[in-house]
Every structure is written in C-alpha cells, then in structure tokens.
Amino acid sequence: MGGVQNKASRTAQQVALFRALETARGHDRVFDDPLAVRFLSGGYRWLARAARVRPVGLRLSRFIDSRWPGPRPSAVARTRLIDDLVVAALRGGARQVLLLGAGYDSRAYRLPGMSRVAVFEADHPATQAVKRRLIRGAVRPERRGHVTFVPVDLLVEDLGEALLRNGFAALEPTVVVWEGVTNYLTEAAVDATLRRLADLTATGSRLVLTYVDRRVLDGVIDAGAVAGGGQAGRGAVDVRVRPGAPGRLSRRAGHAARSRHVHPGRGRPLSAAARAT
Ligand SMILES: C[S@@+](CC[C@H](N)C(=O)[O-])C[C@H]1O[C@@H](n2cnc3c(N)ncnc32)[C@H](O)[C@@H]1O
C-alpha cells in the first residue's frame, strides 16, 4: 500500500506471506519466521498452512514467481540479509533497534540478542494497531517487554518527536531497519526521515534500507531493465536499484560517509534465496 490510506498495509501482509512460505519449506529454508503465519488473514493464512506440504509449497512459490516475478525471492533474500546485519550490529554494540515501517517484521521476537536491547517498532497507526493486537495473542508478555510501539505517519508527522515521546534514547548506538518502505513515501518524507535519524543516533549507528529505482516507480523503465540481463524473474525488489544511490541519499542527510550497497546475486544469502523455488 502507499502510506496514505487509513487501512492496514496489504503489502505488509504479502511480505508476511512470503516469509511464511519460506518458513514452511523446512530444512533448506533460509530463515525461520514462525510468527509470519500468525499475521495472515483469510486466504493468505490458508495458503501458508497448505504450503507446509512441501510439494504444495514449492508449486505455490513457483506460481507466485511466474505471475509476479521478483517480489517473493526479493523479500526472502532481504529478510535473511537484514537478519544477519542486525545480529552483527547487536554483537558490535548497538544498544537499541528501530524497525521503521515495521509492518509484520518479527525480528524483535525471533533474533538472538534482541531481548537484551530496547526495540522500537515505528509504523503507520493503521497497520500498527493490527500488529499490536496480533502480537498480544501470539507472544507472551515476558517475551515482548523490550518492545515499544511508536505510531507515526511518516508522510505528515515528525519521526523524531514521535520517537522521543516514546522513550527512544537519543545518541545511543542504534541499528535502524527501513525495509520495503521508502518506495511508499515522498522524496521529502524520505529526506526528512533521514535527517531525523542522523540527528537522533550515535556515530557508528547502522542504517539498513531498501529502495526502488525512481525510474521504476515513475514507470519510465521496467524493473528488469535495471536488473540487467532480463533477471527480473529471479531477482528481488532490491534488484531494481541504482548502485550508489544509498550513499548519495545518506550523505545528503548527514549520515556517515561509509555505506555499502548490496546487489542481488552477490553474497551467500541472496544466492541461497535465488534458488528458493
Ligand atoms: C511492504 S510493508 C514492509 C513492512 C516491513 N518493513 C517488512 O519488511 O516486513 C510497508 C510498510 O510501510 C509502512 N508505511 C507505508 N506508508 C507509511 C507512512 N506514511 N508512515 C509510516 N509507515 C508507512 C506500512 O504501514 C507497512 O508496514
């Protein structure tokens, strides 16, 4: 969904479905997200349950990939990649985590080390209300005490004020995950958010974000053209990126000059996900 509706995000459910399907694959899955299925409603939940029968799950993934090439393996690949980056940041001394546009991200409840730090889940109020209700039903109170929910519409509200009101500690080493969200915002909202993050986090903090090439969003070119070589069917949403853009973005907002661009197809988690069907 875009950020403007007052309904819970449909795309957040779709990402949860992809994670539930990957989890259902069993022994060769690239991550285990047992909560993903709990976020699904109606037909999506039924599909995720049916996918536990392995041949059904494999056919379902193949069908999804043939109809909508790219988004499913992209979601799987980036989930694992970001899991690894967050765990590494926690081992490196991050003391708080901000999941920005958290949707049905369950990292707060499933990644090692998360329960020892403060985790802030910031999201559009409509999606967050649904998530909070589902989390209350799925996660025991003692396993969610480290999580603070911050309702915020990034298109119209100031992220900094919302975070500080809810106990976010300014200038602590922080890892920020901004996954699958920037393409729903305006350029002004992205800039404002990046500036706030630069103001609010300590030197050495980490920001992990995904983005979609502007030309794809504007319909100027097809995603496959950016991926190159007609790889859209096997690629990821992150395939649709222009190398270098995160560096420019983050420098503009006053972040550290060091940024690493991860291109699909390089690195183990991505290639593991690429053969996920
Ligand atoms: C595709 S989902 C990704 C969710 C999550 N990051 C993940 O990867 O599972 C997009 C998310 O962006 C959030 N979002 C969209 N517009 C927003 C806005 N204006 N303010 C805050 N969040 C917004 C939605 O609520 C949703 O949770």
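## Basis and overall content

Helices (H or I, at least four residues) and strands (E, at least two) are DSSP runs, numbered from the N terminus. On this basis the chain has 12 helices and five strands. The model is predicted: local features need pLDDT of at least 70, side-chain atom pairs count only at pLDDT 80 or more, and totals for chains, interfaces and linings use all residues. Residue numbers start from 1 along each chain as its sequence is written.

Of the chain's 277 residues, 42% count as buried (20 or more other C-beta atoms within 10 Å of the residue's own, with C-beta atoms placed from the backbone).

## The sheet

The five strands form an open sheet with parallel pairing, in the order β3-β2-β1-β4-β5; two strands pair if DSSP finds at least two bridges between them. β3 and β5 (206–209) are at the edges with a single partner strand each, so one side of each lacks a neighbour in the sheet.

Strands β2 (residues 118–123) and β3 (residues 147–151) pair in the parallel sense over five bridges. Between β2 and β3 the chain passes through helix α6 (residues 125–138), and this β-α-β crossover is right-handed (with the strands pointing away from the viewer, the path from the first strand over the helix to the second runs clockwise). Valine 119 lies opposite valine 147 in β3, and aspartate 123 has proline 151 as its bridge partner there.

## Leucine 171

Leucine 171 is in the loop between α7 (159–165) and β4 (174–178). Its phi is positive, about 65 degrees, although leucine 171 is not a glycine. Leucine 171 counts as exposed because it has 11 C-beta neighbours inside 10 Å, the cut-off for exposed being 12 or fewer.
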